Amino acid sequence: MQSKKNTSLSSEKGPARLRGSEIECHGLYGRGKKWGNPLLVYKNDTEARPGYNTRTRHEYREEKSVLLAKVKLLAKLINKSRRITAYTGAGISTASGINDYASGKDSKALNRPQLKSPFDAQPTLSHRVLGAMHRQGMLHHWIQQNHDGLPQKAGHPQEAINEIHGAWYDPSNPVVAMEGSLRGDLFDWLQEEIQKADLCLTLGTSLCGMSADAIAEKTARRALKGRALGTVIVALQQTALDSIASLRIFATIDEVMALLATELDLDYPKTNEDLKKRLKRETHWGRQCARCGIMPIMGPCVSSAKGHTKAAVYSCEKCASTCFRKDEKTRRLDSKGATSMQNIYSVPYKPNGDRDITLKPAQRLTLDLR
């Protein structure tokens, strides 16, 4: 499939900018704002993803004042949303040292560490911010095109992430080849989320026609009918869905997420060392929520003893109101759980690898990664 011709050309008056409609440059919510068009910072006429519905590798950046205004608008959308889904591609992980497909060799996004192995990669600032957004109830679901496990390393629970293209760390979810078929249960989960999300944060993906791109496209099209807040696209390069985006931001993802965290007054780990300390402090190894079945429990853990002869019942904070009676005495626990069970997880899978979120805690698959 041939790419559409980019509209950016050098200008005789001032720097080169993206030549496109107001919506293509800024999104539906940018109409009438009189923002300056994004600046061309890297020119490369080759296709970003040859063979797909792609654009060229040109890269653009917002002027600082426009970027700040767009992030303020993004924060307002997040506070207004009822259900937010993040849809992330290779661009969110480039700052960790993992290469992507679409960037040119002189890309402005290539300031990244050199890794001996992609398995050595650590979460980026964006992974840490999204993880904190989930823990604070702002992010409800994450659809991940990458296989790298960085969301989980950042503390995002497996329960709330759909690794639609496969995962390096999940034997039941092998990486899907470019022309392969998506796993049926994960595709069904994707379809469910398409119906639920009213705001899609699309970060670092070229949106070149993958099946999972439907979460971004359909959320955007529902917004055109007034039935959703729509899709926010953050990327340096143009995408095929820019013309229907609710908000379009041309910048690196880490730059946007750092500004967003400040705008939301979000408490998040500033470094990976801080992240490790927090996870160690907030992870209740060996304790399983009696209601939703998650193990280990991340964040606050509530306990209630059922008498002298019965073991304590544990609950994550989200389930505590339904796990215990109103008159039942409960207490919050510190994270000194069963350290011998560190790196043991309970996940909503049957022994044959099929995902089933309705499984009771005792029926779920236990993964021992010690």
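A nonpolar patch is built from nonpolar side chains (Val, Leu, Ile, Met, Phe, Trp, Tyr) joined within 5 Å, each residue having over 30% relative accessible area and no salt bridge. Accessible areas here come from the Shrake-Rupley method with a 1.4 Å probe, and for residues only the protein chains shown count as cover. Before you click, know that this is a predicted model, in which local features need pLDDT of at least 70, side-chain atom pairs count only at pLDDT 80 or more, and totals for chains, interfaces and linings use all residues. Residues are numbered from 1 along each chain as its sequence is written, and side-chain values use heavy atoms, with hydrogens and water left out.

**Stop 1: the patch**

Select Phe119, Trp168, Tyr169 and Val175. You're looking at a nonpolar patch on the surface, with about 370 Å² of accessible area together. Now zoom in on Phe119, which sits in the loop between β3 (84-88) and α3 (125-135). (Helices are DSSP runs of H or I with at least four residues, strands are runs of E with at least two, and both are numbered from the N terminus.) Phe119 has 45% relative accessibility, so it counts as partly exposed. That label covers what lies between buried (under 20% relative accessible area) and exposed (over 50%), using a 1.4 Å probe and protein chains only.

**Stop 2: the sheet**

Next, show the strands as cartoon. Find the open sheet of 6 strands, paired in parallel in the order β5-β4-β3-β6-β7-β8. Look at the edges: β5 (161-162) and β8 each have a single partner strand, so one side of each is left without a neighbour in the sheet. Two strands pair if DSSP finds at least two bridges between them. How many bridges join β3 to β6? There are 5, and these two strands run parallel. In general, strands of a sheet pair through backbone hydrogen bonds, either parallel or antiparallel.

**Stop 3: helix α7**

Select residues 253-263, which make up helix α7. Colour its buried residues: Ile253, Val256, Met257, Leu260 and Ala261. An α-helix has 3.6 residues a turn, so residues three or four places apart point the same way. The cover over these α7 residues includes α2 (64-80), α3, β6 (199-203), β7 (230-234) and β8 (247-249). Just after α7, click Asp265, which takes a positive phi of about 55°.

**Stop 4: salt bridges**

A salt bridge is a side-chain nitrogen of Lys or Arg within 4 Å of a carboxyl oxygen of Asp or Glu. The structure holds 14 of them.

- Select Glu263 and Lys72: their closest N and O atoms are 3.5 Å apart. Glu263 lies in α7 and Lys72 in α2, so the pair ties together parts that are 191 residues apart in sequence.
- Move to Arg83 and Glu193, which meet at 2.8 Å, N to O. Arg83 is in the loop between α2 and β3, and Glu193 is in helix α5 (residues 184-196), 110 residues apart. Is Glu193 buried or exposed? Glu193 is buried, with a relative accessible area of 2%, while Arg83 is partly exposed at 23%.
- Finish with Asp267, Asp274 and Arg278, linked in a network of salt bridges.

Note on methods:
Patch = residues over 30% accessible without salt bridge, like charges linked within 9 Å, V, L, I, M, F, W, Y side chains within 5 Å. Contact = heavy atoms within 4.5 Å.
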